Amino acid sequence: MADDGENPEWRHRVDPSAGGLIPGVGPATSEGDLEPLVSLRSDRAAERAEILLEALWHREPDTVDHLRRTAAVVEAVARKLGWPDPKVRRTRFAALLHDIGKIAISRDLMRKPGALTELEQEAMRQHVEFGDQILKAFAFPPSMRRIVREHHERVDGSGYPKGLRGDEICDGARLLTIVDIADAMLSLRPYKEAMSLDDVRAALWAGRGTLLDRDLVAPVLEEMGMGGPPKVQ
Ligand SMILES: [Fe+2]
């Protein structure tokens with residue numbers, strides 16, 4: 001093989017005017033520059049998801065574990081709810097990549113123990129927009145990106161980035177939010193202890209109809225082995 005400078009494929013990969021991060025994916029400068037959307041049924045979608053997860057894994061392996069667990073639960077619940085295949089697929093892909101924007105958040109901020117300042121919270125919240133931009137550049141479809149964009153919205157309007165309420169938040173995002181929170185609560189993080197199953201069940205149950213979708217909490221608790229209302233309310 002010629003040296004890197006002479007390899008046309010390598011030039012293609014590194015020259016921003018020639019293409020994006022992977023061959024065939026144009027730079028995300030405008031809609032017109034993008035290749036046709038990748039079908040979530042195709043191997044290409046799965047390959048692209050794995051490329052992104054691999055990149056994030058080198059920075060944040062715990063986050064990648066969280067994404068994979070979240071995707072598995074979201075898919076199982078969506079199937080039990082009888083959602084059609086395309087909707088299950090886009091919700092699963094969204095769950096698998098919902099925090100991919102954290103690749104663009106500083107490592108110090110990601111690892112900071114204790115509470116974040118307001119400015120730091122603001123910076124952390126940007127992972128939603130960064131994630132959306134990355135998924136756009138990788139030609140993932142808008143229906144899936146919408147779920148990623150809305151995964152920190154809350155039913156009572158207290159979420160971000162837009163403060164959407166109720167049905168303004170797509171149901172894929174309303175489901176993902178519950179699983180995301182449940183898994184985060186159950187996980188040990190550098191800055192916090194893992195919560196007990198009983199405490200997580202009580203917290204999610206208390207959030208029904210305020211922060212969280214009223215009807216989707218129970219099927220998530222069921223799938224995660226925390227079925228039924230909490231013993232102590
Ligand atoms: Fe997130």
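Predicted model: local features only at pLDDT ≥ 70, side-chain atom pairs only at ≥ 80, totals over all residues.
L53 first: I counted 17 other C-beta atoms within 10 Å of L53, so I put L53 down as partly exposed. Buried would have needed 20 or more, and exposed 12 or fewer.

Where does L53 sit? I find L53 in helix α2, which covers residues 43-59. I then looked for its contacts, skipping neighbours within four places in sequence, and got V64 and L67. I also checked L53 against L96: the two are 43 residues apart in sequence, yet their C-alpha atoms are 8.5 Å apart in space.

**Whole chain**

I went back to the overall layout. The chain has 233 residues, and 33% of them are buried. Of the contacts with a separation of 6 or more, I note that 62% are between residues 24 or more positions apart.

Confidence next. The mean pLDDT of the chain is 86, and 83% of its residues reach 70 or more. Where does pLDDT stay under 50? I see that over residues 1-30. For that stretch I note 30 contacts in the model beyond four places in sequence.

**α3 on α4**

Helix α3 is residues 61-80 and helix α4 is residues 85-97; I have their axes coming within 7 Å and crossing at roughly 160°. Angles over 145 degrees count as roughly antiparallel, so I call α3 roughly antiparallel to α4. The crossing of α3 past α4 is right-handed.

Which residues make this contact? From α3 I list L67, R68, T70, A71, V74, E75, A78 and R79, and from α4 I list K87, V88, T91, R92, A95, L96 and L97. Sorted by class, I have eight nonpolar, two polar and five charged residues in the contact of α3 with α4.

**α3 on α9**

I followed α3 to another partner, helix α9, which is residues 171-186. The axes of α3 and α9 come within 9 Å and cross at roughly 135°, so I write α3 down as oblique to α9. I have this crossing as right-handed too: that is how α3 passes α9.

For the contact itself, α3 brings H66, R69, T70, V73, V74, V77 and A78, while α9 brings L175, L176, V179, D180 and D183. By class I get seven nonpolar, two polar and three charged residues where α3 meets α9.

**R125**

Last stop was R125, which I find in helix α6, residues 118-125. Is R125 buried, exposed or in between? I count 15 C-beta neighbours inside 10 Å, so R125 goes in the notebook as partly exposed. L53 got the label partly exposed as well, on its own count of 17.

What does R125 touch, leaving out residues up to four places away in sequence? I get Y160 and P161. I also looked up I105, which is 20 residues from R125 along the chain, and their C-alpha atoms are separated by 9.4 Å.

Note on methods
Residues numbered from 1 in each chain as written. Axes fitted to C-alpha atoms, helices over the stretch in contact; angles between N-to-C directions. Helix = DSSP H or I, 4+ residues; strand = E, 2+ residues; numbered from the N terminus. Parallel < 35°, antiparallel > 145°, perpendicular 65-115°, else oblique. Left-handed = near helix turned anticlockwise from the far one by under 90°. Contact = placed C-beta atoms within 7 Å. Nonpolar A, V, L, I, M, F, W, Y, C, P; charged D, E, K, R; others polar. pLDDT = per-residue confidence, 0-100.
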